[in-house]
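Welcome, and thanks for taking a look.

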Amino acid sequence: MKKAPKKGAKKQGKGHLAVVTDSLAFADEAYPEVLIDSLRAIIASLEEKDSYTHGHSVRVAGYAVLVARELQLGEVEVRAIELCALFHDIGKIGIPDKVLQKSSRLSRAEFEIMKSHPVRSARILEKVSALGNLLPGIRHHHERFDGLGYPDGLSGLEIPLAARIILIADTYDAMTSTRPYRLALDKEIAFEELRKCAATQFDPTLVEAFITAMRKQESGHQSGESALTKKIA
Ligand SMILES: [Fe+2]
């Protein structure tokens, strides 16, 4: 059963939050075991290919849950956003290793190949009919607020809420993780970077919700923990 957004969510206007997904029929612990097992198998296949992407997706899911709770969304929406975040990069399975694991700058042709991963992610997940409503959040997780993203150049509130949240969580995790080619940024610097790109790359309201939620988490007043992610990943 879908819960109505509560007070904090309402402040941003209905259109801002109404695009999540029209959602899974399951909430929290009610996921059938066979679905959990299937999702675990899909996640495990990505781990075989690229262990960084697996760890990254789990962290992004945690940040996405944090923001969804900050927006006071209902549990079904929180779960839907969490699943979108867990599976957003699953399409990287279809990206050749020499592109996916390249540590130097991608050529234009290589970047075009990399840009195909959100569509590939949605194509993989569409095979799981119970997850059909998650596909827009996954397909559009690289759309930018100013319309300059991909794959479809959606802008502003045309972009599904899950996708707008994932882009922020995804970028924050990339900035604060150490990679072979660069050191992790301090989180306060990462927050400033997100703010600099608010309204161009990111939904500005969600950037503030993200930073607020992260500060609340630090002081123990908000949590991105989830039993579902622990089961699946
Ligand atoms: Fe991605």
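A residue is called buried here if 20 or more other C-beta atoms lie within 10 Å of its own, exposed if 12 or fewer, and partly exposed in between. On that scale, 38% of the 233 residues of the protein chain count as buried. Please keep in mind that this is a predicted model.

**Overall make-up**

- Read from the N terminus, the elements of the chain run α-α-α-α-α-α-α-α-α-α-α-α-α.
- Among contacts in the chain with a separation of 6 or more, 69% join residues 24 or more positions apart.

**Helix α4 by itself**

- Helix α4 covers residues 51-70, which is 20 residues.
- From its first C-alpha to its last, α4 reaches 29 Å, close to the 28 Å expected at 1.5 Å a residue.
- Most of α4 is covered, with 14 of its 20 residues buried.
- Just after α4 comes Gln72, with a positive phi of about 60 degrees.

**Where helices meet**

Two packed helices are described by the angle between their axes and the distance between the axes.

*α3 and α4*

- The axes of helix α3 (residues 33-49) and α4 come within 5 Å, crossing at roughly 135 degrees.
- That angle makes α3 oblique to α4, as angles of 65 to 115 degrees count as roughly perpendicular and those over 145 as roughly antiparallel.
- Sorted by class, the contact of α3 with α4 has two nonpolar, three polar and one charged residues.

*α4 and α12*

- For α4 and α12 the axes come within 9 Å and cross at roughly 100 degrees.
- The two helices α4 and α12 are therefore roughly perpendicular to each other.
- Seven nonpolar, two polar and one charged residues make up the contact of α4 with α12.

*α10 and α12*

- The axes of α10 and helix α12 (residues 204-218) come within 10 Å, with a crossing angle of roughly 55 degrees.
- This angle leaves α10 and α12 oblique to each other, and their crossing is right-handed.
- Arg164, Ile165 and Ile168 of α10 make this contact with Leu206, Val207 and Phe210 of α12.
- The residues of the contact of α10 with α12 divide into five nonpolar, no polar and one charged.

**The loop between α9 and α10**

- Which residues does the cis peptide bond join? It joins Tyr150 and Pro151, with omega at about 15 degrees.
- Pro151 sits in the loop between α9 and α10.
- Gly153 lies in the loop between α9 (135-139) and α10 (161-176).
- Is Gly153 buried or exposed? Gly153 counts as exposed because it has 12 C-beta neighbours inside 10 Å.
- Gly153 and His142 are eleven residues apart along the chain, and their C-alpha atoms are separated by 9.2 Å.

- Gln72 is not a glycine, although its phi is positive at about 60 degrees.
- The loop that holds Gln72 runs between α4 and α5 (75-87).
- Gln72 counts as partly exposed because it has 17 C-beta neighbours inside 10 Å.
- Ala199 is not a glycine either, and its phi is positive at about 80 degrees.
- Ala199 is placed in the loop between α11 (187-196) and α12.
- With 15 other C-beta atoms within 10 Å, Ala199 is partly exposed.

**The loop between α8 and α9**

- Glu126 is found in the loop between α8 (117-125) and α9.
- Having 14 other C-beta atoms within 10 Å, Glu126 is partly exposed.
- Leaving aside neighbours within four places in sequence, Glu126 is in contact with Gly132 and Leu135.

Definitions and conventions
Residues numbered from 1 in each chain as written. Predicted model: local features only at pLDDT ≥ 70, side-chain atom pairs only at ≥ 80, totals over all residues. Helix = DSSP H or I, 4+ residues; strand = E, 2+ residues; numbered from the N terminus. Expected span 1.5 Å × (residues − 1). Axes fitted to C-alpha atoms, helices over the stretch in contact; angles between N-to-C directions. Parallel < 35°, antiparallel > 145°, perpendicular 65-115°, else oblique. Left-handed = near helix turned anticlockwise from the far one by under 90°. Contact = placed C-beta atoms within 7 Å. Nonpolar A, V, L, I, M, F, W, Y, C, P; charged D, E, K, R; others polar.
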